[in-house]
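Let's walk through a few questions about charges and helices together. Have the model open beside you as you read.

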Amino acid sequence: MEDKLYLPIGFKHEGQDVTEVELAETGGDAEKIFTKRASSSKLYSWMAQVISASIAQIGGVSVASEFFKQKDGATEIPSVIKKIPLLDVGSLMLQIQRECWEDVLENQKISCIHCGSVLEADVDLYKMPLPKSEDGKALEHYTVELSKPHKISGMPEIMDEYNGHLVNRIKFRTATLGDAIRHENVSQDEVVFWRNIAFDTIVSMHYEDKDGEITELPDGFMAKRGKLFFTKDLSTRTLKQIRSGMTKTQPSGRLYYEDECAKCTRMTPFLASPVNFFRA
């Protein structure tokens, strides 16, 4: 059994890089949190509570013990937990499930991507690869590259300075669990959810030519244009590229592995979802 939980992306806390944390000893209080069934509009809050109950300390500050000291059964999420990268949440939930609950999900429905058969199989969570930070440094930013430059045009007169600029690189800060909680009421609509996350986390935009020369978009564009940039200006193809880049550019744990289909014998994904974790 591991005594640590690993964060492939990590985050900064009190000036320190956090890419691994100490696993707490979980008991009856944690069990109540684990087995609580969250509504779809509160899923990220529930996952934040599970993580809060499972981390002993971060940067020398107690987490789980303080989380359970709250009065009248309150489950307010510690601010440090909200700083955890959103893409690290799945990795943490996987580790907590297999270290604190059970490492095999029995009798899961698996659909073969080749023959279409629906199988009933046990899913071994230890077969799911878990990346670890290579250098112990938190990844605070990432850049999404567009396959085709977007030309800014049609801006109102007060934004004329932006007209004609090209953009093919968009820099974001790493999205956090706190960002997801803030927008969890729309999390069932993947397009709207990631659009909101993008708006909250965008840092800058620029154009990089084939020689590596960079032209920055003048400051203040998003403050003036707002969400219209994502809802009106960009094409559906570009929006899809941005969403894909936001979920795939940074490292994250894969919540699946490939195994043999009992019907056609070809390799097919065996999936696990945090929604199905901690069943009583």
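Q: Which residues gather in a patch of negative charge on the surface?
A: Keep in mind that this is a predicted model. Patch members need over 30% relative accessible area, and Glu-22 in strand 2 (residues 16-22) is partly exposed at 37%. The residues of this negative patch are Glu-2, Asp-3, Glu-22 and Glu-25.

Q: Which residue forms a salt bridge with Glu-20?
A: Glu-20 lies in strand 2 and its partner in strand 1 (residues 4-13), 16 residues apart. Glu-20 is partly exposed, with a relative accessible area of 39%. The closest N and O atoms of the pair are 3.6 Å apart, and the partner is Lys-4.

Q: Is Arg-169 buried or exposed?
A: Arg-169 forms a salt bridge with Glu-208, with the closest N and O atoms 3.7 Å apart. That pair links strand 8 (residues 166-173) to strand 9 (residues 202-208). Buried means under 20% relative accessible area; at 16%, Arg-169 is therefore buried.

Q: How many salt bridges does a search of the whole structure find?
A: Among the salt bridges is the one between Lys-69 and Glu-66, whose closest N and O atoms are 3.1 Å apart. Others share partners and join Arg-173, Asp-179, Arg-182 and Asp-200 into one network. The search of the whole structure finds 13.

Q: How far apart are the end C-alpha atoms of helix 5?
A: Helix 5 (residues 86-100) has 15 residues, and 15 of 15 are buried. At 1.5 Å a residue the helix should span 21 Å, and the distance between its end C-alpha atoms agrees: 21 Å.

Notes:
Residues numbered from 1 in each chain as written. Predicted model: local features only at pLDDT ≥ 70, side-chain atom pairs only at ≥ 80, totals over all residues. Heavy atoms only, no water. Patch = residues over 30% accessible without salt bridge, like charges linked within 9 Å, V, L, I, M, F, W, Y side chains within 5 Å. Areas by Shrake-Rupley, 256 points an atom, 1.4 Å probe, with all protein chains shown as cover. Salt bridge = Lys/Arg side-chain N within 4 Å of Asp/Glu carboxyl O. Lys, Arg positive; Asp, Glu negative; His and termini not counted. Charge placed at Lys NZ, Arg CZ, Asp CG, Glu CD. Helix = DSSP H or I, 4+ residues; strand = E, 2+ residues; numbered from the N terminus. Buried < 20%, exposed > 50% of the residue type's maximum accessible area, 1.4 Å probe, protein only. Expected span 1.5 Å × (residues − 1).
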